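Thank you all for making the time this morning.

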Amino acid sequence: MSAERKTKTIPDWKREEVDDIVGMLDSYESVGIVNIAGIPSRQLQDMRRELHGSAELRVSRNTLLKRALAEADLDVLSEHVHGQVGIIGTNDNPFGLFKTLEASKTPAPIGAGEIAPNDIVIPEGDTGVDPGPFVGDLQQAGAAARIMDGSIQVTEDSTVLEAGEEVSQVLANVLTELGIEPKEVGLDLRGVYSDGVVFSPEELEIDVDEYRADIESAVAGARNLSVNAVYPTAQTAGILLGKASGEAKALGIHAAIESPDLADDLVAKADAQLRALAVAIDDEEALPEELRD
Amino acid sequence: MEYVYAALILHETGEELNEDNLTAVLESAGADVEESRVKALVAALEDVDIEEAVAEAAAVPAGGASGGS
Amino acid sequence: MEYVYAALILHETGEELNEDNLTAVLESAGADVEESRVKALVAALEDVDIEEAVAEAAAVPAGGASGGS
Amino acid sequence: MEYVYAALILHETGEELNEDNLTAVLESAGADVEESRVKALVAALEDVDIEEAVAEAAAVPAGGASGGS
Amino acid sequence: MEYVYAALILHETGEELNEDNLTAVLESAGADVEESRVKALVAALEDVDIEEAVAEAAAVPAGGASGGS
Amino acid sequence: MEYVYAALILHETGEELNEDNLTAVLESAGADVEESRVKALVAALEDVDIEEAVAEAAAVPAGGASGGS
Amino acid sequence: MEYVYAALILHETGEELNEDNLTAVLESAGADVEESRVKALVAALEDVDIEEAVAEAAAVPAGGASGGS
């Protein structure tokens with residue numbers, strides 16, 4: 001119906017472009033929409049090159065993107081197509097794609113009038129700037145700064161702007177002078193479709209450390225079970241032997257078993273007891289010299 | 001935690017740690033497998049040196065290993 | 001250690017910890033399953049409170065434990 | 001734990017650590033010996049340096065002989 | 001140390017800890033059994049709660065690889 | 001040191017810790033007994049809970065000296 | 001532990017560490033002396049350098065024995 005009519009009316013080049021995009025959408029396991037606003041075209045080229053082999057980025061008119069999504073049965077992603085966006089396709093899974101994109105982000109300077117995407121901190125330390133009016137700029141920007149040892153120093157980590165606030169001209173200058181680049185520029189994933197599920201970036205953010213900790217805890221738990229249930233494995237047989245010999249030793253020392261293997265320990269235990277008893281004795285006169293404090 | 005155990009089994013048997021293998025192990029144990037968790041695990045473990053994590057777990061007394069997911 | 005992991009998966013999924021189930025999990029992970037080890041594991045775990053045995057730190061003598069497979 | 005103790009006795013007396021010897025020791029102590037557990041233990045100990053494992057345990061404090069005898 | 005291990009095995013299997021049983025275990029492992037040591041062992045363990053003494057070993061935290069020997 | 005050990009022996013055997021008993025133990029070991037030291041020790045131990053004092057030594061690692069086989 | 005204490009008394013007084021002397025010390029303290037334990041102890045201490053064993057034990061930081069050394 002209406003779609004048919006549209007199909008008839010769009011020019012050939014658009015038709016080809018849409019077909020092309022649909023082909024791309026069909027050829028990847030996961031496809032997503034990324035925000036590319038504010039990325040200079042040269043940087044975008046670099047990113048595209050960097051992703052080569054792991055993901056493909058495609059930019060087109062939003063109307064054509066939407067049409068292609070519809071034709072590829074990916075309408076669920078259309079809501080993310082607004083502003084400057086691109087389509088990204090990969091055979092990696094969505095979590096992997098998110099990770100790759102995050103890792104490819106690069107810092108960038110922030111200009112006056114822009115909104116801080118996160119807290120901006122000027123770190124403690126020597127600015128390397130000779131004494132002069134810059135110290136006043138720093139202070140005006142909200143940093144704890146003073147002149148020390150012949151240069152301008154920031155005396156403590158100073159949060160000069162909180163996320164969501166606007167960058168002032170003074171602050172922008174200070175950040176430029178210090179080479180601080182508080183923005184992270186890169187492809188911002190808005191949503192990914194894979195195997196019938198749309199993932200939001202929040203869902204895709206995985207804490208690798210947590211997984212690592214889980215692995216360690218699983219390994220430790222398995223080892224505990226192996227030892228505690230006395231089911232020896234190549235990894236735990238040594239522990240079990242050590243445990244058994246430790247038990248034998250504890251029993252031997254506890255019961256003062258007269259064994260050549262325990263003789264040293266028994267003598268040591270007697271000596272330790274002697275010293276412990278000596279500590280409990282207040283009267284120095286009652287003790288041999290070796291045991292007096 | 002069964003997802004992590006499944007990953008460790010595959011690590012021990014030397015099989016590839018991918019979605020299909022993980023799913024197979026979990027299903028063989030009667031688990032209702034959540035695809036997204038499998039995906040997340042595979043992605044996360046790409047950045048974990050399991051060998052090293054295992055060695056580390058061995059060095060540290062196992063303490064309250066519980067907790068986990 | 002894969003045998004122990006297999007037992008832990010079954011414990012998590014709530015399936016019965018018997019020889020058949022253990023074997024199934026191990027085979028799904030591509031392991032060459034040794035029947036005697038499966039039997040020994042079932043025997044060893046018979047009277048064990050797995051939850052507790054997992055949480056309780058095993059007296060681990062010095063690092064050495066690593067190595068082996 | 002009797003299986004492990006039996007292995008350590010054989011180690012001390014210098015006898016070979018094989019299934020027959022382990023079984024003999026355990027039976028002499030009146031144990032119901034499970035063949036699979038004997039097998040599993042022998043297999044697990046194959047690559048373990050018993051001397052070293054015991055020495056490492058010895059390096060760890062042998063624990064409180066509290067209370068005196 | 002084989003004498004102590006022998007005592008621990010008997011303790012696990014629930015057999016009486018007497019000279020005959022100890023001797024049987026030690027001999028089954030090929031040990032040259034010294035009667036006086038067996039006697040001394042039985043005497044030393046007479047009033048000892050083995051369970052408790054062994055538990056004490058477990059209570060010791062699994063220290064790091066101190067010194068090694 | 002022998003004086004204190006003598007006190008510990010009497011504590012273990014349950015004999016009364018008095019000057020005569022201490023002297024007897026020391027003399028049996030061939031010591032030249034100094035009466036004043038015996039007196040001082042008996043007096044000093046009057047207020048000491050030997051059991052408790054000695055129990056503290058239990059926490060002392062028995063390690064170090066080990067090594068031997 | 002009285003057997004060990006008795007041995008250490010003899011060590012301190014410089015008397016020979018033999019069965020007769022040990023028995024004498026123990027009897028003077030009212031102990032029921034078991035010949036086998038005396039024998040076993042003498043044998044066990046034969047190759048032990050008591051001085052060294054004590055020194056090594058002292059070198060290890062004394063756990064619970066708070067304060068004094």
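Predicted model: local features only at pLDDT ≥ 70, side-chain atom pairs only at ≥ 80, totals over all residues.

**Contacts between chains, and what lies inside**

If you look for A:Q235 along chain A, you will find it in the loop between α9, residues 208-228, and α10, residues 237-254. Is A:Q235 buried or exposed? With a relative accessibility of 12%, A:Q235 counts as buried, because the cut-off for that word is under 20%.

That pair brings us to the interface of chain B and chain A, where 33 residues from chain B and 24 residues from chain A take part in the contact. The size of an interface is often given as the accessible area lost when the parts come together. For chain B and chain A that buried area is about 2300 Å², and carbon and sulfur atoms account for 62% of it. Across this interface there are five salt bridges, and there are also eight residue pairs in polar contact, counting those with both residues at pLDDT 80 or more. On the side of chain B that touches chain A, the helices α1 (2-13), α3 (35-45) and α4 (50-59) each supply at least two residues. Which of the elements of chain B gives the largest share of that side? It is α3 of chain B, with nine residues. Sorted by class, the residues of chain B on this side come out as 19 nonpolar, five polar and nine charged.

Let me now turn to the salt bridges themselves. Side chains of opposite charge can pair when their charged atoms come close. Over all chains the count by this rule comes to 25 salt bridges. One of the pairs is B:K39 with A:D195, whose side chains meet at 2.9 Å, N to O. Because B:K39 lies in helix α3 of chain B, while A:D195 sits in the loop between β11 (188-194) and β12 (197-199) of chain A, this pair joins two chains.

In chain A, the side chains of A:R275 and A:D271 meet in a salt bridge at 2.9 Å, N to O, and both residues lie in helix α11, residues 263-280, four residues apart, or about one turn of the helix. Here A:D271 is buried, with a relative accessible area of 2%. In chain D, D:E35 forms a salt bridge with D:K39, with the closest N and O atoms 3.2 Å apart. Those two are four residues apart in helix α3 (residues 35-45) of chain D, so they are separated by about one helical turn. In this pair D:E35 is exposed, with a relative accessible area of 55%, and D:K39 counts as partly exposed at 31%.

Next, please look at chain G and chain E. Here five residues of chain G are in contact with six residues of chain E, and the area buried between them is about 440 Å², with 67% of it given by carbon and sulfur atoms. How many salt bridges does the rule find across this interface? Between chain G and chain E it finds zero, and one residue pair is in polar contact, with both residues at pLDDT 80 or more. The side of chain G that touches chain E is made up of one nonpolar, one polar and three charged residues.

Setting aside residues up to four places away in sequence, A:L277 touches F:V4, F:L8, F:L45, F:V48, F:I50 and F:A53.

Methods:
Residues numbered from 1 in each chain as written. Chains lettered and ligands numbered in written order. Heavy atoms only, no water. Contact = heavy atoms within 4.5 Å. Buried area = accessible area lost by both parts, 1.4 Å probe. Salt bridge = Lys/Arg side-chain N within 4 Å of Asp/Glu carboxyl O. Polar contact = N/O pair within 3.5 Å; in protein donor to acceptor, adjacent residues only side chain to side chain. Nonpolar A, V, L, I, M, F, W, Y, C, P; charged D, E, K, R; others polar. Buried < 20%, exposed > 50% of the residue type's maximum accessible area, 1.4 Å probe, protein only.
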